[in-house]
Amino acid sequence: MKRSDGYLLDNRQAEAAERFDAFASLFDPTTFRHLEGLGIDSGRRCWEVGAGGTSVVSWLAEKVGPAGQVVATDIDTSLLASVARPPVDVRVHDVGAEEPPGEGFDLVHARLVLVHVPDRERALQSMIKALRPGGRLLIEDADPALQPLVCPDEHGPEQRLANRLRHGFRRLLADRGADLSYGRRLPRLLREAGLHGVEADAYFPLTSPACAALESATIRQIRDTLVTANLATNEDIDRHLANIEAGGMDLATAPMISAWGTKA
């Protein structure tokens with residue numbers, strides 16, 4: 001397979017909103033716990049990078065209140081229209097190719113973003129540049145290579161099919177420049193970038209209705225690409241979607257690594 005260009009999971013596809021809803025159910029509790037620990041409160045200025053959906057932006061807006069600001073950026077802001085009002089400032093922005101949308105932020109946060117950005121090093125430096133001295137950076141990203149199976153308990157044909165399709169998904173991501181081992185490197189990268197007090201943890205949901213919803217929406221969103229790349233047949237995908245609907249599989253997501261630190 002030759003190198004492909006473009007983001008595999010377009011925000012304008014019908015399944016994108018379903019995926020963001022599943023991400024919110026799966027990961028918002030972890031994200032909000034970390035943000036609370038970083039002391040986000042009234043009057044703070046925050047940059048939410050690659051916002052995609054609205055759940056984190058809305059939470060930050062409530063925390064900072066009318067005296068604060070939340071700059072929410074993405075290459076596609078089509079799903080952010082409902083929150084585009086003060087204190088939220090929605091902007092189309094490419095974190096890996098453009099200068100940051102301001103400086104002096106108290107917090108910069110990105111979730112499940114940088115693994116997909118071709119120039120991850122530039123993106124990370126841009127995010128740090130945007131912080132005020134003493135500002136906090138929180139990056140949360142997946143590490144699909146750390147746990148590559150959607151069904152870790154591969155005990156039957158349904159699980160084997162699911163894992164084969166997950167392998168195809170990972171090939172498509174890698175072919176578009178995604179770094180499938182990025183999450184595990186975050187603590188070191190933050191230290192090497194000069195941040196202080198770097199800490200990290202991981203969250204690995206193993207089975208839940210949100211895991212099933214995410215898997216279904218993702219497979220439907222990339223269906224045509226999987227078939228075109230000869231990584232699956234339509235019959236494979238129909239069977240997998242029916243297996244998900246039947247509810248008999250334990251479906252996992254890739255571990256999400258959260259790493260945070262403070263700018264000197």
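This is a predicted model: local features need pLDDT of at least 70, side-chain atom pairs count only at pLDDT 80 or more; totals for chains, interfaces and linings use all residues.
Phe20 is partly exposed, at a relative accessible area of 21%, while Phe23 is buried, at 14%. The cut-off here is 20% relative accessible area, with buried residues lying under it.

How do the rings of Phe20 and Phe23 sit, by centres and planes? Their centres are 6.3 Å apart and their planes meet at 65°, so the pair is edge-to-face. That label follows because planes over 60 degrees apart count as edge-to-face.

How many aromatic pairs does the structure hold? There are five. Ring pairs also tie Phe20 and Phe23 into a cluster with Phe27 and Tyr203.

Elsewhere, Trp47 pairs up with Phe105. This one is tilted, with 6.1 Å from centre to centre and 35° between the planes. It brings together distant parts of the chain: Trp47 belongs to strand E1 (residues 45-49) and Phe105 to strand E4 (residues 105-111), 58 residues apart. Trp47 and Phe105 are both buried.

## Charges over rings

The charged end of Arg45 sits over the Phe105 ring, 4.3 Å from the ring's centre. Over at Tyr182, Arg120 lies over the face of the ring, and the distance to the ring centre is 5.8 Å.

## Helix H2 and what covers it

Which residues of helix H2 (residues 55-64) are buried? They include Val56, Val57, Trp59, Leu60, Ala61 and Val64. The cover over the buried residues of H2 includes H1 and E1, along with strand E2 (69-74), strand E3 (88-92) and E4.

## Two helices side by side

Now move to helix H6 (residues 209-228) and helix H7 (residues 234-246). Their axes come within 10 Å and cross at roughly 175°, so H6 and H7 are roughly antiparallel to each other.

Which residues make the contact between H6 and H7? On the H6 side you'll find Ala212, Glu215, Ser216, Ile219, Arg220, Arg223, Leu226 and Val227. H7 brings Asn234, Ile237, Asp238, His240, Leu241 and Ile244. Sorted by class, the contact of H6 with H7 has seven nonpolar, three polar and four charged residues.

Asn230 is not a glycine, yet its phi is positive, about 60°. At 71% relative accessibility, Asn230 counts as exposed.

Thr233 is partly exposed instead, with a relative accessible area of 35%. Along the chain, Thr233 and Leu165 are 68 residues apart, but their C-alpha atoms are separated by 9.9 Å.

## The loop between E2 and E3

Ile75 is part of the loop between E2 and E3. Is Ile75 buried or exposed? It counts as exposed, at 52% relative accessibility. Setting aside neighbours within four places in sequence, Ile75 is in contact with Val92, His93 and Asp94. Leu195, by contrast, is 120 residues from Ile75 in sequence and 27 Å from it in space, C-alpha to C-alpha.

Pro87 also has its place in the loop between E2 and E3. The peptide bond joining Pro86 and Pro87 is cis, with omega at about 10°.

## One more positive phi

Where is Leu112 found? Look in the loop between E4 and helix H3 (120-129). Leu112 has a positive phi near 55°, and the residue is something other than glycine. With 19% relative accessibility, Leu112 counts as buried.

Notes. Residues are numbered from 1 along each chain as its sequence is written. Side-chain values use heavy atoms; hydrogens and water are left out. Rings of Phe, Tyr and Trp (its six-membered ring) pair if their centres lie within 6.5 Å; planes under 30 degrees apart count as stacked, over 60 as edge-to-face and the rest as tilted. Buried means under 20% relative accessible area, exposed over 50%, partly exposed in between (1.4 Å probe, protein chains only). Helices (H or I, at least four residues) and strands (E, at least two) are DSSP runs, numbered from the N terminus. A charge sits over a ring if NZ of Lys or CZ of Arg is within 6 Å of the ring centre and within 35 degrees of the ring normal. Axes are lines fitted to C-alpha atoms, for helices over the stretch in contact, and angles run from 0 to 180 degrees between N-to-C directions. Angles under 35 degrees count as roughly parallel, over 145 as roughly antiparallel, 65 to 115 as roughly perpendicular and the rest as oblique. Contact means heavy atoms within 4.5 Å. Ala, Val, Leu, Ile, Met, Phe, Trp, Tyr, Cys and Pro count as nonpolar, Asp, Glu, Lys and Arg as charged, and the others, Gly among them, as polar.
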